[in-house]
Amino acid sequence: MLSGRSKFKRVRQYVVVGALAALSGCATAPRTAPQAVRTGVQPLDRLQVAILPPERDLQAQLMAGDFALAANDLKAASDAYGRAAQLGDDPRVAARATELALAVHDQDAAAKALDRWARLGAKPLELAESRARMALDRGDTAEAQRQMEIMVGTGDPDAWREFGRTLVTARDAAQAGQLLERIATPQRLPNDSAAWLAMAELGENLGRHDYAKTIGEGAQARFHDATTYGWAAQQKFRAGDKEGAKRLFAKAVARDPKNTHLRLAYATLLAQGNDEKSAARVLAGGTQDVDTYLMRMTLAARASDKAAEGKLYDEIRRQPDDVQADNAFTLGQLAELLGKQEDALDWYAAVGDDDPRIFDASVRSAVILHLQGKDDDAHEIVAELQTQYADRPDQLRKAFALDGELYMDARRFDAAVNAYDKALQVKADDTDMLYSRGLANAEAGKVDQAVADFRKVLELKPGDIEASNALGYTLADNDRDLPEAQNLIQAARAARPDDPSVADSWGWLKYRQGQLDQAETTLRGAWTQHKDGDIGVHLAEVLWTRGEHDEARKVLNEVRRLDPKNAALRKTEQKLRP
């Protein structure tokens, strides 16, 4: 049977031949005066083009089915493919028709398509699988079991995989679990640890935990390979037995040291137990890839281990160019950790466009340029991100947030407010952005707007500690609604009694309330705990008010040394003239 495209080509050929014949006739015709020739009926009058009705046109049905699939209209696709299966002789079309009919739970259409597929040569495994799915769909457990036993009895290498897939797609999990236990028994499962573990995992997913445990332990006892030990380790971990999980992961890694997935899982477990050295040793002991390098870098950074960071940096740089390119982001991070900002910029620039960390690489580049005082270049990168990710809300919001953070750090608070405004256009109720804009408004002296932002955060997230503390402090700092400020900061203190920033708010509130003893005691404690410029300035002002000028000057000198650009320091110095 000719396809539609073949038919089209054939018609075109006729047209070309006809045209050539006409031209040939023109070329060979005697140069005599044309004579009138009676031609009778014109050839075109005799030409009849047979047009099939759509329901009998295979190509039309296939196109209709594909268009329906594109529109997510499975019922229409099933109908069209069902008709196509009957018109054509392609087993793949019949298989598709069967699959679609099963997807829309059309038993009659599925039976008809399956019958056609069988006549076109479907494999016994394929037929049994489809019949099992039909039986499951109509709740016929006995027939489903019969067909599934045929499936696993075919000896087809894909039989157990298709058996699992059939159960995964079953609508009744209890029925699927029952069939799993009846058919996938230790006596019947093949001599393949992957098949055993797949059935154990399926049992877990279907809520058959005892079955899963039996099969998993059976696989471990029978095969003693890395994957079975790895699976058993995961089971121990899920059960809360971390030590047992570690022992099993150690055995798994010993059997397959090249398996990076096992090493990463084992290292993660060790790191969670604060055994970062062992975790790093496990990761460094075998084949390396992007994930192992990245985790080794993370572990070294968490431990502030400069020697390990430098060693890893050199190790990756000794790798071939393609390995370095794949790990450009990790190399950039390591260069940053080692204080090599220019190298870091080069590595981040080398991160490929298809690398999932390309966005983060651009973010880090902007931050480095900002730290180098190249704010125009930093904001240019951020602007590019805002353009490139305009259709991706998460990244677009992060790009605006980065803009705001850079402006905040540069004490350009109005520009920061503008950046956070844009972030909130992406997601209006983003509490993080509302909180950040509140801080920017407060720093810009826009107290009403700051209070409104913090109140909005508390409306969306009642009891939020950060917002409670920020609103309480802002009210206290501006001598507004001090009773409310006290309630807010008290709530924050109850939640975070050891947080120096909350203690600073409390001490400053007490100062505003004229309770100087309590203010000094609280601020001294916070200053001792954390040498933050704002805390120091608050303590200095309280000391100055109490007449302890020498000590106030001493604290201000320390703030000047630690945070010379502190805005509160400049205001206080102008006010007190110490």
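The mean positions of the 79 positive and 90 negative charges of the chain lie 4 Å apart; Lys and Arg count as positive and Asp and Glu as negative, with His and the chain ends not counted, and each charge is placed at NZ of Lys, CZ of Arg, CG of Asp or CD of Glu. The model is predicted: local features need pLDDT of at least 70 and side-chain atom pairs count only at pLDDT 80 or more, while totals for chains, interfaces and linings use all residues. Residues are numbered from 1 along each chain as its sequence is written, and side-chain values use heavy atoms, with hydrogens and water left out.

The chain has 34 helices and zero strands, both taken as DSSP runs (H or I of at least four residues for helices, E of at least two for strands) and numbered from the N terminus. Its radius of gyration is 37 Å, well over the 25 Å that the globule rule gives for 578 residues, so the chain is more spread out than a compact globule. This radius is taken over C-alpha atoms, and the rule is 2.2 Å times the number of residues to the power 0.38. Along the principal axes, the C-alpha atoms fill a box of roughly 125 × 85 × 55 Å.

Buried residues make up 42% of the 578 residues; buried means under 20% relative accessible area, exposed over 50%, and partly exposed in between. Of the contacts (heavy atoms within 4.5 Å) between residues at least 6 apart in sequence, 48% join residues at least 24 apart.

The largest nonpolar core has 32 residues, and Met433, Leu471, Leu475 and Leu509 have the most contacts inside it. Such a core is a set of buried Ala, Val, Leu, Ile, Met, Phe, Trp, Tyr and Cys residues joined through side-chain atoms within 4.5 Å. At least two core residues come from each of α24 (393-409), α25 (413-426), α26 (431-443), α27 (447-460), α28 (465-477), α29 (482-495) and α30 (500-512). Neighbours within four places in sequence aside, Leu471 is in contact with Val451, Phe454, Arg455, Leu458, Glu484 and Leu488.

Key: Buried means under 20% relative accessible area, exposed over 50%, partly exposed in between (1.4 Å probe, protein chains only).
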